Amino acid sequence: MNITLKKFLPHALVLLAILSLGACSTAPVLPEGEEPLEPRFSADRVLIKGATTSADEISDPWEGFNRSMYRFNYRFDKYVFLPVVTGYQAITPDFMEKGIHNFFRNIQDITTLINSILQLSAEKTANTTVRLVVNSTIGILGFINVAHEVPRSDEDFGQTLGRWGVGPGPYLVLPVLGPSSLRDGTGTLVDAIVIKEIRNAALDLETWQEWTWDILRVIDLRAHVAFRYYETGSPFEYEWVRLLYTTKRQLDVER
Amino acid sequence: MKQGLSLLLAVAWMTTGWAATEPYGYPITDRWQATVIGTPEQFKADLPDTIPKKKRRITIFEDREVPEPLWFDKDLRYFYALQKDPAPLIFLIAGTGVSYDGGKNNNMARAFYQAGFHVVSISSPTYMNFVVAASKTGVPGHVYRDAEDIYRVMERIWDKLQDRIEVTDFFVTGYSLGGLNTAFVTLLDEERQVFNFKKALLINPPVSLYNSISLLDRMLENIPGGVDNFDRFYNRLVEQIGKVYTRADSVSLNDEFLYKAFEAVNPDDEELAALIGVSFRISSANMTFTSDLMTNAGYIKPANMTFTKNTSPGDLQIVAHRLGFTDFFHTYFYTHEKKLQPGITRRELVDAMSLTEIEDYLKNSPKIEVMHNQDDIILAPGEIDFFPRVFGDRAKVYPRGGHLGNMEYRDNVDHMVRVFTQ
């Protein structure tokens with residue numbers, strides 16, 4: 001583990017601890033000693049007894065924390081992340097933006113390659129190897145996606161764990177990165193550490209260069225996700241995001 | 001024989017001649033497919049990729065108290081795109097449950113901006129943010145009161161913009177429920193005269209709101225086994241899309257992928273109707289639950305129960321999705337309305353929420369035009385005839401397109417813009 005990560009992790013853990021203290025009960029509030037008044041349409045009246053839904057099957061024991069984190073992410077997005085992304089897009093010429101995006105996708109292909117091997121997927125391993133070799137050489141360190149005809153997939157350590165039978169575990173909303181699960185969050189961390197180790201072994205970067213790399217990576221990531229918090233127009237957005245994320249990851253593991 | 005042949009030739013010539021003068025090239029003939037798929041890429045109007053769109057927030061009611069779980073929606077969001085030179089300004093009103101920033105408003109904005117208009121885009125009064133930030137009563141769906149809410153929003157936005165731009169004329173348009181809203185906003189403008197709209201265009205509006213919401217509610221009956229089996233329906237859908245997804249070469253969930261999924265799953269009309277029903281049910285659940293939180297009427301949430309920022313809706317979310325627009329109408333909307341107008345009957349309320357209510361105005365007002373589709377799925381049988389009968393040649397009715405499926409088709413976009421530029 002390199003120095004910046006060692007320095008960064010304790011801070012992140014402290015931040016998580018503080019935020020989790022702010023998380024409270026997910027139950028609604030009733031006036032002292034009162035029973036809930038019967039609404040016009042109660043669950044007893046409308047729903048079949050004992051019916052479960054897909055949403056019920058998602059484990060979310062840390063819901064209070066997750067909801068707090070979801071709100072934190074909205075604010076971070078609104079006041080920091082999106083303004084930075086917009087500024088980045090305004091000052092960077094389009095070809096450079098595209099190049100930087102390709103560069104990080106090429107780095108991402110390293111993660112995909114490792115995980116394709118770990119998943120014993122011959123096809124993905126072969127395709128990703130071709131992509132990596134061609135793009136890193138002819139594509140000038142990945143800045144040009146020469147091998148765009150070769151099918152690309154995104155494989156991460158969360159999927160690898162899933163491939164070998166590890167369930168998603170509790171739903172988890174990560175700071176900045178958003179929806180995840182215990183398994184996928186662990187996977188994200190493992191993938192990040194591996195890439196850093198490879199980077200440090202291959203290159204001798206100054207601290208500021210490492211920071212530039214990491215910050216650009218995160219900006220590029222956000223620039224290519226269309227999702228905006230609280231724009232769905234649903235009072236059930238948290239639940240929808242949880243359901244769709246979980247469904248999508250299940251499909252990702254199966255692919 | 002010779003006569004027969006020449007007759008055949010004459011018929012052939014006539015049909016080709018007809019086709020040459022009156023071609024309508026929108027390619028999808030099935031109304032359900034058209035509604036779901038929309039316009040395939042190669043048939044879309046040629047519009048600029050980007051316009052100088054600015055997203056903004058505005059406080060409509062200074063003293064508005066927002067329930068804790070909806071804390072982020074205190075201000076109304078909207079966008080505008082302004083020309084540098086003096087130009088006409090057009091307001092766009094979105095359809096049921098859709099935001100100012102939805103796909104259809106964005107496309108309209110691109111088309112009108114390209115044609116030289118200042119554009120201001122507003123959410124539907126049934127969209128959560130509008131209900132929370134800009135609905136005076138917190139109960140959406142009443143055509144007259146929604147028009148007043150929308151008009152107030154337009155005035156506030158205009159207050160902010162008027163020092164910055166020069167406007168030659170004001171226009172307004174909206175699609176689906178937004179089309180119905182447009183009619184009543186235009187009517188209100190006759191009285192208030194703040195904008196003096198020079199022209200208004202209704203795009204695929206309902207005739208009777210109640211008929212349309214009944215049709216939409218009933219679409220869910222196409223779920224095999226009814227709405228109680230929604231979960232099985234959802235899982236099957238995910239499974240089918242999943243099959244396409246797991247086999248696909250590329251992994252991005254974009255239009256192209258969805259189109260591929262559509263082709264592979266090859267849903268029949270019942271399944272498509274169910275899907276459309278589900279999509280509107282989600283809008284109805286969002287609107288209803290939001291309104292219930294705003295008014296504390298005890299519709300789904302027990303009235304003495306308070307939701308915090310962290311409260312999990314649990315079963316209430318499922319209940320909200322089991323109730324349709326018509327449930328909302330009878331047990332919530334009507335109850336609320338009776339408090340304001342004691343003695344009003346359900347029948348009277350149903351009749352009031354429609355274009356037939358203002359038929360005389362529509363008939364005699366040359367500024368209002370309409371475009372619609374013969375096979376629109378939100379109209380009851382025969383309702384489409386209302387438009388040619390009342391609007392005369394101010395009605396443009398296309399032979400197909402379902403509900404808004406052809407809205408991005410080039411002929412439709414041309415017509416939409418031409419209504420305001422001629």
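What follows is a chat about a predicted model with chains A and B.

Colleague: OK, on to helix packing. At what angle do helix H4 and helix H8 of chain A pack?

Modeller: About 100°, with the axes 10 Å apart. H4(A) covers residues 94-118 and H8(A) covers residues 207-223. That angle makes H4(A) roughly perpendicular to H8(A), because 65 to 115 degrees counts as roughly perpendicular.

Colleague: Which residues make that contact?

Modeller: From H4(A) you get Ile100(A), His101(A) and Phe104(A), and from H8(A) Leu216(A), Arg217(A) and Asp220(A). By class, the contact of H4(A) with H8(A) has 3 nonpolar, 1 polar and 2 charged residues.

Colleague: H4(A) packs with helix H5 of chain A as well; what's the angle there?

Modeller: About 155°, and the axes are 9 Å apart; H5(A) is residues 122-137. H4(A) is therefore roughly antiparallel to H5(A). As for handedness, H4(A) and H5(A) have a left-handed crossing.

Colleague: Which residues meet in that one?

Modeller: On the H4(A) side they are Asn106(A), Asp109(A), Ile110(A), Thr112(A), Leu113(A), Ser116(A) and Ile117(A). On the H5(A) side, among them are Lys124(A), Thr128(A), Arg131(A), Leu132(A) and Asn135(A). The contact of H4(A) with H5(A) divides into 4 nonpolar, 8 polar and 3 charged residues.

Colleague: Switching to the two chains together: how many residues of chain B are in contact with chain A?

Modeller: 47 residues of chain B, against 43 residues of chain A. On the chain B side, the elements giving two or more residues are helix H4 (128-134), H8, helix H10 (269-295) and helix H11 (315-322) of chain B.

Colleague: Which of them gives the largest share?

Modeller: H8(B), with 7 residues.

Colleague: Who meets whom in H9(A) and H8(B)?

Modeller: Thr247(A), Leu251(A) and Glu254(A) in H9(A) meet Val238(B), Gly242(B), Tyr245(B) and Thr246(B) in H8(B). The contact of H9(A) with H8(B) comes out as 3 nonpolar, 3 polar and 1 charged.

Colleague: Last topic, domains. How is chain B divided?

Modeller: Into domain 1, which is 31-207 + 354-421, and domain 2, which is 215-340. Taken over C-alpha atoms, the centres of domain 1 and domain 2 of chain B are separated by 24 Å.

Colleague: How many residues are in contact between domain 1 and domain 2 of chain B?

Modeller: 22 residues of domain 1 touch 23 residues of domain 2 in chain B. On the domain 1 side, helix H2 (31-37) and H4 of chain B are the elements giving two or more residues. H2(B) has the largest share of that side, 5 residues.

Colleague: And how does the domain 1 side divide into nonpolar, polar and charged?

Modeller: The side of domain 1 of chain B that touches domain 2 of chain B has 14 nonpolar, 7 polar and 1 charged.

Conventions. Residues numbered from 1 in each chain as written. Chains lettered and ligands numbered in written order. Predicted model: local features only at pLDDT ≥ 70, side-chain atom pairs only at ≥ 80, totals over all residues. Contact = placed C-beta atoms within 7 Å. Helix = DSSP H or I, 4+ residues; strand = E, 2+ residues; numbered from the N terminus. Nonpolar A, V, L, I, M, F, W, Y, C, P; charged D, E, K, R; others polar. Domains from an automatic or database assignment. Axes fitted to C-alpha atoms, helices over the stretch in contact; angles between N-to-C directions. Parallel < 35°, antiparallel > 145°, perpendicular 65-115°, else oblique. Left-handed = near helix turned anticlockwise from the far one by under 90°.
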